[in-house]
Amino acid sequence: MAYLELKNVCKTYEDASGGTEVLSNINLTIEEGEFVAIVGFTGSGKTTLVNLINGLIKPTSGEVLFKGEPVTDTSHERGVIFQNYSLLPWLTVGQNVYMAVKEAFPKESKEKLQAIVKDYVAMVSLSPAINKRPKELSGGMRQRVAVARALAMNPEMIIMDEPLGALDALTRGNLQDEILNIWSKDKRTALLITNDVDEGIYMADRIIPLKPGPNATLGPEFTIDIERPRDKTSLNDNETYKKNRNAIIEYLMDIGNERKSVSNETYELPEISPKSFVA
Amino acid sequence: MKQSITLNKITQLMGFGFLKPITALFTGKPQKEDIVNFLKKIIVPLLSILLFLGVWQGGSTALFNKEANFKIEKALADQGQAAADEMRACIASGEISCQPNTLPSPSQVWASFKTLLEDHKVISADKLAFKEKTAVMNEKRIAAGKEPITYTGRPSFVDQIFTSLKTVFAGFLLALVIAVPIGVVIGLSTTLRSSFNWLIQIFKPVSPVVWLLLVFMIVKTLTKDSNSDSAFIISFISVGLCSMWATLVNTAMGVSSVDKDYINVAKVLKLGPMQKVFKVILPSSLPLIFTGLRITLSVAWMVLIAIELLAQSPGLGSFVWEEFQNGAIDSNSKIIVAMFIIGIIGFLLDRIMLTIQNMVSFNKNEGV
């Protein structure tokens, strides 16, 4: 039995003009301990896919099975790292993490919980900033808080929705290593959504491209057989790396071109007016 | 330098940013642009105040002359030349009995202000003397189980200000206690929001006077068998009911428009419904709630005067009304003094709320 399984999952967003099928016929299996990356263009429905898996939204048809059970709600077993950090701005770093820990381990004593918070904040090397608010942190530091928050709940599976998308290249590299470190420590299952092919190849065991939406669906998968721990600099000369990288990029370019050639019609902009202030 | 930084921070927080040029001028070395800033932000506003006083002085002189001429002409028409001359001399001599009753000049208002302060000193001294005189007797009365004798003389202007502040704070607290919880509940549920919307839309624009009458109808009956002071109760409830709508609408809007990201966090962490409200929804809507409270406090202060005036409840409103009815020679300038005091207190109340708001609020994009 697969650890996480998506069977013919479709998601349609209803609107006035009928509805748009964002995802159609998604089939995906992830085994326990695997690190899977899904790469795709922006707007191809990646975030919708993540929200389906973590239980924030329900599929229109098809099934999402987690350890054989259908996913109906969010769960502490699946930790999520959001694309835009989503830290609560009125809480300090420590309080943001504490809030998550307290929910995950409601029976533990306050001292124990504080200790867990301290550990995880130290793990992402933010101990000096534990009493700072998110606005006082840089983007990379904020994302590290989000990572600490997700991991402190000790989830079995980590779902990452473009976690490093907004960071600069250097910070991105550091955080990639940090995430890999944590993942390899106790071999949790991980799902990474990204728009960066290199990041996918560096981090994942398998890469699956997402064909852009509407009607997004998963493309053929690429297995990355590179021994861990991987080294970023030597990776550039690795034959498997080069081959996979070219294959994936070629595939993505092809579907990108395909999309361009069909979408030469002009779109009318929606008429938008500000929301009324009255109740 | 450190001192000036904290000083700037405090003035900034209180919304007294316009004081920055002064602090910049007196702490540390004045730069050329500090001096330009000083001219721009201090001298020019001061000039505008002078201009205002000038226009006021000119206007009141013109009105005074018009009123005086009318009086003289009336005397001429009614009683002939001799009476008119007498009237002219009387006005020129500044005798109180024949002064024209019109808009007072700035200096008259300033004189009245000083009179009011003097009056306050006299009344305070009187009160203190009364207290001392009755202290022994009151002790005996309390020991005998009787009500102590209290001072029942005329309240001074300063006493009236404090009575008004008391009423406005009672009303504001009432508005807070009613509007915030209801706003949160309405904001959380679209069903409740649409079902109570008509009520809010209809009652929001109702005039303070009508609220007062409504509260009067209810409170009068409720306090039938107690002899407590119902004027205060009526006025603070009316103030609360008039002013709570801004907070209600703002709270409901703040709660209903919480960032989707925060709601997702609450869902992923699996917070319970109470925790979700108290740990995510309320903190994130605090800035809007405070905007509402700020509007509520200014509206409360604004309607208070009208309500006190009608409810015969002591305070600045009844002070203004009594002075107007009184018609003494300095009544008009006392009314203008009250006008400035009301304005300045309103401004200070708003600044206090702004300070609290700046302390609790955060930028919407800070967490992202």
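# A guided tour of chains A and B

Start with chain B: its accessible surface comes to about 21,300 Å², and carbon and sulfur atoms account for 68% of that. Accessible areas here come from the Shrake-Rupley method with a 1.4 Å probe, and for residues only the protein chains shown count as cover. Before you click further, note that this is a predicted model, in which local features need pLDDT of at least 70 and side-chain atom pairs count only at pLDDT 80 or more, while totals for chains, interfaces and linings use all residues. Residues are numbered from 1 along each chain as its sequence is written, chains are lettered from A and ligands numbered from 1 in the order in which they are written, and side-chain values use heavy atoms, with hydrogens and water left out.

**Stop 1: chain B as a whole**

Switch to a cartoon view of chain B. You will find 13 helices and zero strands; helices (H or I, at least four residues) and strands (E, at least two) are DSSP runs, numbered from the N terminus. Of its 368 residues, 38% count as buried. Buried means under 20% relative accessible area, exposed means over 50%, and partly exposed is in between (1.4 Å probe, protein chains only). Now think about contacts, meaning heavy atoms within 4.5 Å. Among contacts in chain B between residues at least 6 apart in sequence, 72% join residues at least 24 apart.

**Stop 2: B:Asp159**

Select B:Asp159, which sits in helix H6 (residues 157-188) of chain B. Which residues does B:Asp159 touch, not counting those up to four places away in sequence? Show B:His120, B:Ile123 and B:Lys127 to see them. With B:Lys127 there is a side-chain polar contact of 3.3 Å. A polar contact is a pair of N or O atoms within 3.5 Å; within protein, one must be able to donate a hydrogen and the other to accept it, and residues adjacent in sequence count only if both atoms are side-chain atoms.

**Stop 3: chain A as a whole**

Move over to chain A, which has eight helices and 10 strands. The radius of gyration of chain A, taken over C-alpha atoms, is 20 Å, close to the 19 Å that the globule rule gives for 279 residues, so chain A is as compact as a globular protein of that length. That rule is 2.2 Å times the number of residues to the power 0.38. Along the principal axes, the C-alpha atoms of chain A fill a box of roughly 60 × 60 × 40 Å.

Buried residues make up 51% of the 279 residues. Chain A exposes about 13,700 Å², with carbon and sulfur atoms supplying 50% of it. If you colour by charge, look for 32 positive and 39 negative side chains, whose two centres lie 7 Å apart. Lys and Arg count as positive and Asp and Glu as negative, while His and the chain ends are not counted; each charge is placed at NZ of Lys, CZ of Arg, CG of Asp or CD of Glu.

**Stop 4: A:Thr74, where chain B comes in**

Zoom to A:Thr74 in the loop between strand S5 (69-70) and strand S6 (78-81) of chain A. Is A:Thr74 buried or exposed? A:Thr74 is buried, with a relative accessible area of 6%. Beyond residues up to four places away in sequence, A:Thr74 touches A:Asn54, A:Gly55 and A:Leu56, and from the other chain B:Lys267, B:Val268 and B:Lys270. Draw a distance to the backbone oxygen of B:Lys267, which lies 2.6 Å from a polar atom of the A:Thr74 side chain.

**Stop 5: A:Leu191**

Select A:Leu191 in strand S8 (residues 189-194) of chain A. A:Leu191 is buried, with a relative accessible area of 0%. Leaving aside neighbours within four places in sequence, its contacts include A:Ile30, A:Val36, A:Ile53 and A:Met157.

**Stop 6**

Which angle to check at A:Asn8? Look at phi, which is positive at about 45° although A:Asn8 is not a glycine. A:Asn8 lies in strand S1 (residues 4-15) and is partly exposed, with a relative accessible area of 42%. Then jump to A:Ser86, in the loop between S6 and helix H2 (93-104). A:Ser86 also is not a glycine and has a positive phi, of about 50°, but A:Ser86 is buried, with a relative accessible area of 1%.
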